[in-house]
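Open the model in your viewer and keep the selection panel at hand. The stops below say what to select and what is there.

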Amino acid sequence: MSHAGAPVGGLLVLVDPVARRLDGESVRIAKDVLSAGAAAKICLPDSQEEFARALARRGHRRPVIVGDDRALVRAVGLLHRERGLGDGALALVPVGHAGSLGLARSLGVPLSAVSAARAVLEGAARLCDLLVDDSDGVVLGALRIPPLRTGSPPPGAGPSVWSAYRSLVRTLVRPAVGSGAAGRLRLRVEADGVVLADVDRPVEDVSVRTGDDGGLAEVVVRTGGGGAEAVVRARAKTVTVSGADFRYRADAAMAGPVRRRTWTLRPGAWTLTLPR
């Protein structure tokens, strides 16, 4: 991240509906602190659609998201798709369960409603990198392709279909003892065109993270098979994964299944207001 000057002006305080249901007291504190320190328009959308409409009508106001990681990712995604990320800095007052605020913590946002609201008013805007995929989805922090879980349904299978599928697999498939292939994927992973893993070796885990290294993402691939496990690391502008159907976790949400996806790092694509 690099620093930029914090924009001055009114605030559009968008309170995520989930935050209102989970912790009304923290929401009230955030509204009080922000309203006392700036001209703030408070929006209380009841749905994601209303959230999107309010953000689109922000005018010259600086958006402040009151909610968890998903709310922040949703806001950045909406602004990216309307090509509005360059209009000014976003700010976040984290409200939610502790497990839903990992991204906020990693970005340096205070987890206290009072401290975060004060940072909105007194902090500095810092440039942040963004991963954008070929379906226009965004990743603010990290994405991961985790191993398949033994006993998990294949992508798209309903409960009854999965029961039949599982019975059929038990009947027809007898994995070799010690094969160690359970939970691994056959994927091709490329970083800036360089092959880090291919379908001839099972992949146990893939992670890609935005970094501070001159606009390059950090890529880690764990492979196995044949009794030899390896960890391959690289830094790249683009990462392409292809092969068998796979799901991936982008920040706080699971996505897929897909057979091919390319992520491209966009350095300094958005700004976030953080404590000085």
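Select Glu25, Arg28 and Asp32: these three residues are linked in a network of salt bridges. A salt bridge here is a side-chain nitrogen of Lys or Arg within 4 Å of a carboxyl oxygen of Asp or Glu. Side chains of opposite charge can pair when their charged atoms come close.

Before going on, note that this is a predicted model, in which local features need pLDDT of at least 70, side-chain atom pairs count only at pLDDT 80 or more, and totals for chains, interfaces and linings use all residues. Residues are numbered from 1 along each chain as its sequence is written, and side-chain values use heavy atoms, with hydrogens and water left out.

**Whole chain**

Show the chain as a cartoon. Its secondary structure comes to seven helices and 15 strands; helices (H or I, at least four residues) and strands (E, at least two) are DSSP runs, numbered from the N terminus. Of the 276 residues, 42% count as buried. Buried means under 20% relative accessible area, exposed over 50%, and partly exposed in between (1.4 Å probe, protein chains only).

Switch to a surface. The chain exposes about 13700 Å², and carbon and sulfur atoms supply 51% of that area. Accessible areas come from the Shrake-Rupley method with a 1.4 Å probe; for residues, only the protein chains shown count as cover.

For contacts between residues at least 6 apart in sequence, 68% join residues at least 24 apart. Contact means heavy atoms within 4.5 Å.

Select Ala30, which lies in helix 2 (residues 24–37). Ala30 has a relative accessible area of 0% and is therefore buried. Not counting residues up to four places away in sequence, Ala30 touches Val93 and Ala117. Draw a distance from Ala30 to Val15: their C-alpha atoms are separated by 9.6 Å, and the two residues are 15 apart along the chain.

Next select Val64, in strand 4. Is Val64 buried or exposed? At 0% relative accessibility, Val64 counts as buried. With residues up to four places away in sequence set aside, Val64 touches Leu11, Leu12, Val13, Leu14, Leu34, Ala91, Val93 and Val120. Val93 was also a contact of Ala30. The C-alpha atoms of Val64 and Val93 are 7.3 Å apart, although 29 residues separate them along the chain.

**Helix 6**

Move to Arg118, found in helix 6 (residues 113–122). Arg118 is partly exposed, at a relative accessible area of 49%. Leaving aside neighbours within four places in sequence, Arg118 is in contact with Val33 and Gly123.

**Salt bridges**

How many salt bridges does a search of the whole structure find? The search finds twelve.

Select Arg261 and Asp134, whose side chains meet in one of them (2.9 Å, N to O). Arg261 lies in strand 15 (residues 253–274) and Asp134 in the loop between strand 6 (124–133) and strand 7 (138–139), so this pair ties together parts that are 127 residues apart in sequence. Arg261 is buried at 13% relative accessible area, and Asp134 is partly exposed at 48%.

Now take Asp205 and Arg144, a salt bridge with its closest N and O atoms 2.6 Å apart. Because Asp205 is in strand 11 (residues 203–209) and Arg144 in strand 8 (residues 142–145), the pair ties together parts 61 residues apart in sequence. Asp205 counts as buried at 10% relative accessibility, whereas Arg144 counts as partly exposed at 38%.

Then select Glu190 and Arg188, whose side chains meet at 3.3 Å, N to O, in a salt bridge. Glu190 is buried at 17% relative accessibility; Arg188 is partly exposed, with a relative accessible area of 28%.

**Strand 12**

Select Thr223, in strand 12 (residues 217–223). Thr223 is buried, with a relative accessible area of 4%. Apart from neighbours within four places in sequence, the contacts of Thr223 include Ala197, Arg201, Pro202 and Val203.
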